[in-house]
Amino acid sequence: MSEHSHPTPGLYLLILIALVVGTCLTWGIAFKDLGAWNPVVALTIAVVKAVLVVLFFMHVHYSSKLTKLTISAGVFWL
């Protein structure tokens, strides 16, 4: 078996902080009138948060190229 590198607890903490900040931004932007840009900004924040979760909490960042290709194919298909 090959050795897998795992993120440090400090990295998990940074990702958690980024997710909390993203959630607060989403909540805050809901009260702003940006016209047609409201859904664009909200979806951009949501995509960034989803990418962070998939890459680090689901360990895709540390996976093989085949796993990354499979995830990319699924996102492309979606």
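## Fold at a glance

Three helices and zero strands: that is what the secondary structure of the chain comes to. Walk along the sequence and the pattern reads α-α-α. Keep in mind that this is a predicted model.

## Overall shape

How does the radius of gyration of the chain sit against that of a compact globule of 78 residues? The chain has 16 Å, whereas such a globule would be near 12 Å. Taken along the principal axes, the box filled by the C-alpha atoms is roughly 55 × 35 × 10 Å.

As for contacts, take those between residues at least 6 apart in sequence: 57% of them join residues at least 24 apart.

## Burial and surface

Buried residues account for 12% of the 78 in the chain.

## A nonpolar patch and V20

Which residues form a nonpolar patch on the surface? They are L13, L14, L16, I17, V20, V21 and L25, and together they have about 630 Å² of accessible area.

V20 is worth a separate look. This valine has its place in helix α1, which covers residues 9–29. Is V20 buried, partly exposed or exposed? It counts as partly exposed because its relative accessibility is 43%, and that class lies between the cut-offs of under 20% for buried and over 50% for exposed. So V20, at 43% relative accessibility, is partly exposed, and V20 is also one of the residues in the nonpolar patch.

How values were computed:
Residues are numbered from 1 along each chain as its sequence is written. This is a predicted model: local features need pLDDT of at least 70, side-chain atom pairs count only at pLDDT 80 or more; totals for chains, interfaces and linings use all residues. Side-chain values use heavy atoms; hydrogens and water are left out. Helices (H or I, at least four residues) and strands (E, at least two) are DSSP runs, numbered from the N terminus. The radius of gyration is taken over C-alpha atoms; the globule rule is 2.2 Å times the number of residues to the power 0.38. Buried means under 20% relative accessible area, exposed over 50%, partly exposed in between (1.4 Å probe, protein chains only). Contact means heavy atoms within 4.5 Å. Patches are made of residues with over 30% relative accessible area and no salt bridge: like charges are joined within 9 Å, nonpolar side chains (Val, Leu, Ile, Met, Phe, Trp, Tyr) within 5 Å. Accessible areas come from the Shrake-Rupley method with a 1.4 Å probe; for residues, only the protein chains shown count as cover. A salt bridge is a side-chain nitrogen of Lys or Arg within 4 Å of a carboxyl oxygen of Asp or Glu.
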